[in-house]
Number of protein chains: 2
Amino acid sequence: MKRVSIKDVAKAAGVSASTVSYVLNSTPTETISKETKQRVMDAVSRLGYVPNLNARSLSSRRSSLIGVLIPQTEPGKELMFSNPFYGELLSSIEYTARQHGYHLLLSGTKEDQDYLSIAQNRGVDGVIIVGTYPGENLNALKTLGVPVVLVDSYVKDDAFHTIGIEDKEGARMATRYLIEKGHRRIAFVSGSIRENGVNIKRYQGYCDAMREAGLPVDEQAVYSGTVDYEYGIAAAREFLARGRKQTAAFVTADVISMGLVKGLQQNHVRIPEDVSIVSFDDVYLSQMAHPALTTIRQDIGEKGRQAVQLVLNASKAKEHHHTECILPLRLVERESVCERRDDP
Amino acid sequence: MKRVSIKDVAKAAGVSASTVSYVLNSTPTETISKETKQRVMDAVSRLGYVPNLNARSLSSRRSSLIGVLIPQTEPGKELMFSNPFYGELLSSIEYTARQHGYHLLLSGTKEDQDYLSIAQNRGVDGVIIVGTYPGENLNALKTLGVPVVLVDSYVKDDAFHTIGIEDKEGARMATRYLIEKGHRRIAFVSGSIRENGVNIKRYQGYCDAMREAGLPVDEQAVYSGTVDYEYGIAAAREFLARGRKQTAAFVTADVISMGLVKGLQQNHVRIPEDVSIVSFDDVYLSQMAHPALTTIRQDIGEKGRQAVQLVLNASKAKEHHHTECILPLRLVERESVCERRDDP
DNA sequence: TGTGTTTACTGAAACGTTAAAGTTGTCCCG
DNA sequence: CGGGACAACTTTAACGTTTCAGTAAACACA
């Protein structure tokens, strides 16, 4: 039951502990003979030695650990529950990190907690923060001394690396698509557009497209709530309460769309015949919908991969020059939109 | 930029490092005066000290870290991608762990990797393994010396704690429900029933229900593949190819159901009028489906909570007595089943 | 007044690594 | 043949904690 330490290996191989360490880390500055290397490796496998990464990180100040912070959208709700987007992103992050020999320290973010210390605590090599960082102490993150990658954040600060998408352009694309299909009264449905997050950009893109087409942005056509299925249902109810004024909707998240579609269908509003929908994200879910969602696709897998890459690159390079990565979007046409030529 | 260590705090408070440690951990055997405590706490917040958990875990051999292993169902596919069940479970695990001051070390499982060392490496306080553990070296886990909780595994070994559901009974319940609704030819659609996992139990439950009702288990009515949306689509194709013999299906996972429904609907098979479906899991998804899925609900949140609790309890209690936790199931009726009285 | 107990601490040795600096021994070159 | 360069190690001091074993002072008791 006793843990095998590097010293046991050293003893078994008849060398010093540091030699074992050099062999295991194949430190480039150190020269070790082939035979010694072999003897050490033999001892390692014979004893079933696995290095204690805590000790390693204590001594070497790198941990092969990446901290990942994922928003816990609402206090009561659990992490990632509300939006499958996070699950898919996390998948990709985990997969990429693992392939580079890194592990993930996962935490949800809730306002009242100190994420900084979580990271600091464990001496992570980098931090990936998804979505809006809750809490005003983003500045404290700078003192961490490790690369910080902000995913889908519009915080502009050279101290952080960012990775995101052309939210505004994507929203514009979506809205324009609906306009091209002949829609003139188009609703905008999203999560909160008060915080400085992606939704506000998407709202701007929506407004731009409307304006460019000479269409009014009706305040009554804007629905803003939370990013989850329930809000989609609620928005449907609200849509009906407001008198079914629009023939189409641009919805900023697939989960919301799912709820909206469900809510409308339950009230005998047909999708897309009565209301066309263009969604956003293209999570796995959107193809399962009925009708399958026409949506602005972002490459979630790539986002995760890039996020990890940014951390790794930045932690390798001593120079901390800020990088910004914007991934392309494209519209994938499915079944939730139809032409509308009879609009006034 | 220099890290604040316990010594700095000690100096600032005019006490020894050990006193600081005692204060911070409020070690019950040690007595510290009110004033000293206060002085230490003041110094801590003044200097912004956060303990280095790596050092702590090195010294005290507990890490406040729980290792979580989630299956990466297929080599190419990424973690949790294929089945939202994992995302929801992870959510709950993360949330519960965090509330107890634990962090999560997350890893996907792929055949060719050594998960054991991941855990051993970091000195986790416990391991939660979800699903079938890939790799034959389950025994090696015993040498870890920390509690191991197997979620949804039918490995029987006193060395492990297990948490699961009445898979067989749930399947029986689902199938019987269909029988009660008048169906006599009922398909069974699931992931692999070769491995010793939950699917084989659910298959047994299906068989039991059929047998009890005096109905034959037709080999042609059994569809087995992988647990993902794509397989649902494929199963639909296969169902049609085999001649649409059944009027209902018991499907062992909601994701598969989603694909099956989609695949059938695309071929103008109506759900539930032509084919009724009872599903399994009740992931968030299943209410979004069209029609919403009638499904055997398992409380995924509770599963996650219990898993964490099992780890924590077991790591507190020195006695390693094996605990087994079975969570209840219930059928939730939605829209994917209808009566069938015309069956021969 | 001496002994024992309690309170409130301190000192120092771990924990398992890494990495800088030091120590050999060998070889080569002028 | 002396000295430098190099290869192949070893020694030792960190890294930041915890925790065991003290210790010194204060107090109680008889």
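Helices (H or I, at least four residues) and strands (E, at least two) are DSSP runs, numbered from the N terminus. By that rule, chain A has 13 helices and twelve strands. This is a predicted model: local features need pLDDT of at least 70, side-chain atom pairs count only at pLDDT 80 or more, and totals for chains, interfaces and linings use all residues. Residues are numbered from 1 along each chain as its sequence is written, while chains are lettered from A and ligands numbered from 1 in the order in which they are written.

**Chain A overall**
- The C-alpha trace spans about 90 × 35 × 35 Å along its principal axes.
- Chain A has a radius of gyration (over C-alpha atoms) of 25 Å. A compact globule of 344 residues would have one near 20 Å, by the rule of 2.2 Å times the number of residues to the power 0.38.
- Buried residues (20 or more other C-beta atoms within 10 Å of their own, C-beta atoms being placed from the backbone) make up 52% of the 344 residues.

**Surface near DNA strand C**
- Two or more residues each come from α1 (6–13), α2 (17–25) and α4 (53–60) of chain A, and from α2 (17–25) and α4 (53–60) of chain B.

Note on methods: A residue is buried if 20 or more other C-beta atoms lie within 10 Å of its own, exposed if 12 or fewer, and partly exposed in between; C-beta atoms are placed from the backbone.
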